[in-house]
Amino acid sequence: MANFYVDSSGFKRYKNSKRLMYNPELFPNHKTKWSKEDEIDLVGYRQTMKWEDIALMLGRTPGVCMEKMRSIKRNGKYNLYLKKFKEI
C-alpha cells in the first residue's frame with residue numbers, strides 16, 4: 001500500500017501528514033549554502049506566505065526553511081533582515 005498520493009497540483013504528498021515528498025526537481029537548492037538574499041527573502045516573505053510556498057520559491061524544503069528562520073532569530077538578525085526586505 002502506498003503511503004503517498006498526488007494532489008491537484010501534481011505534487012506527491014505523504015498521506016498522514018500531507019507534507020510534500022522530497023523531490024530534487026522541486027527543491028534544487030537542497031543542501032546548498034544560503035545566500036544573504038535568500039535569508040532576507042525568507043524573513044520578508046514569511047510575513048504573508050505559508051512555509052510550503054516559501055520553500056518552493058527558494059528551492060528548499062519547508063523544514064529547512066523553518067530551521068533557518070529559528071537560526072536567524074537566535075542570532076538576532078531577524079529585525080535587520082526584515083528592515084532590509086522592506087527597503088527593497
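Student: What percentage of the contacts in the protein with a separation of 6 or more comes from residues 24 or more positions apart?

Tutor: Heads-up: this model is predicted, local features need pLDDT of at least 70, side-chain atom pairs count only at pLDDT 80 or more, and totals for chains, interfaces and linings use all residues. Residues are numbered from 1 along each chain as its sequence is written, and side-chain values use heavy atoms, with hydrogens and water left out. A contact means heavy atoms within 4.5 Å. Of the contacts in the protein with a separation of 6 or more, the percentage from residues 24 or more positions apart is 47%.

Student: What pattern does the protein follow along the sequence?

Tutor: Helices (H or I, at least four residues) and strands (E, at least two) are DSSP runs, numbered from the N terminus. The protein has four helices and two strands. Read along the sequence, they give the pattern β-β-α-α-α-α.

Student: What percentage of the 88 residues counts as buried?

Tutor: Here buried means under 20% relative accessible area, exposed means over 50%, and partly exposed is in between, using a 1.4 Å probe and protein chains only. The C-alpha atoms fill a box of roughly 50 × 25 × 20 Å along the principal axes. Of the 88 residues, the part that counts as buried is 30%.

Student: Are H1 and H2 roughly parallel or roughly antiparallel?

Tutor: Axes are lines fitted to C-alpha atoms, for helices over the stretch in contact, and angles run from 0 to 180 degrees between N-to-C directions. Under 35 degrees counts as roughly parallel, over 145 as roughly antiparallel, 65 to 115 as roughly perpendicular and the rest as oblique. The axes of H1 (residues 36-45) and H2 (residues 51-58) come within 10 Å and cross at roughly 155°. That makes H1 and H2 roughly antiparallel.

Student: How many nonpolar residues are in the contact of H1 with H2?

Tutor: From H1, Asp38, Asp41, Leu42 and Tyr45 meet Trp51, Ile54, Met57 and Leu58 of H2. By class, this contact has two charged residues, no polar ones, and a nonpolar count of six. For the classes, Ala, Val, Leu, Ile, Met, Phe, Trp, Tyr, Cys and Pro are nonpolar, Asp, Glu, Lys and Arg are charged, and the others, Gly among them, are polar. Back to the count of nonpolar residues: six.

Student: How wide an arc do the buried residues of H2 cover around the axis?

Tutor: The buried residues of H2 are Trp51, Ile54, Ala55 and Leu58. They sit on the same side of H2, because the arc they cover around the axis is only 100°.

Student: Which helices are among what covers those buried residues of H2?

Tutor: Let's look at H3 as a partner. H2 and H3 pack at about 100°, with axes 8 Å apart, and are therefore roughly perpendicular to each other. In that pairing, Trp51, Glu52, Ala55 and Leu58 of H2 meet Pro62, Cys65, Met66 and Met69 of H3. What covers the buried residues of H2 includes H1 and helix H3 (62-74).

Student: And what covers the buried residues of H1?

Tutor: In H1, the buried residues are Asp38, Glu39, Ile40, Leu42, Val43 and Gly44. H3 touches this helix too, with Glu39, Leu42 and Val43 of H1 meeting Cys65, Lys68, Met69 and Ile72 of H3. The cover of the buried residues of H1 includes H2, H3 and helix H4 (78-87).

Student: At what angle do H1 and H3 pack?

Tutor: H1 and H3 are roughly perpendicular to each other. Their axes are 11 Å apart, and the packing angle is about 95°.

Student: Is Lys31 buried or exposed?

Tutor: Lys31 is found in the loop between E2 and H1, and its phi is near 65°, a positive value in a residue other than glycine. Most residues other than glycine have a negative phi. With a relative accessible area of 76%, Lys31 is exposed.

Student: Last one: how far apart are the C-alpha atoms of Asp7 and Leu56?

Tutor: Asp7 is found in the loop between strand E1 (4-6) and E2, and it is buried, with a relative accessible area of 17%. Asp7 and Leu56 are 49 residues apart along the chain, while their C-alpha atoms are separated by 15 Å.

Key. The arc is that of the directions from the helix axis to the C-beta atoms.
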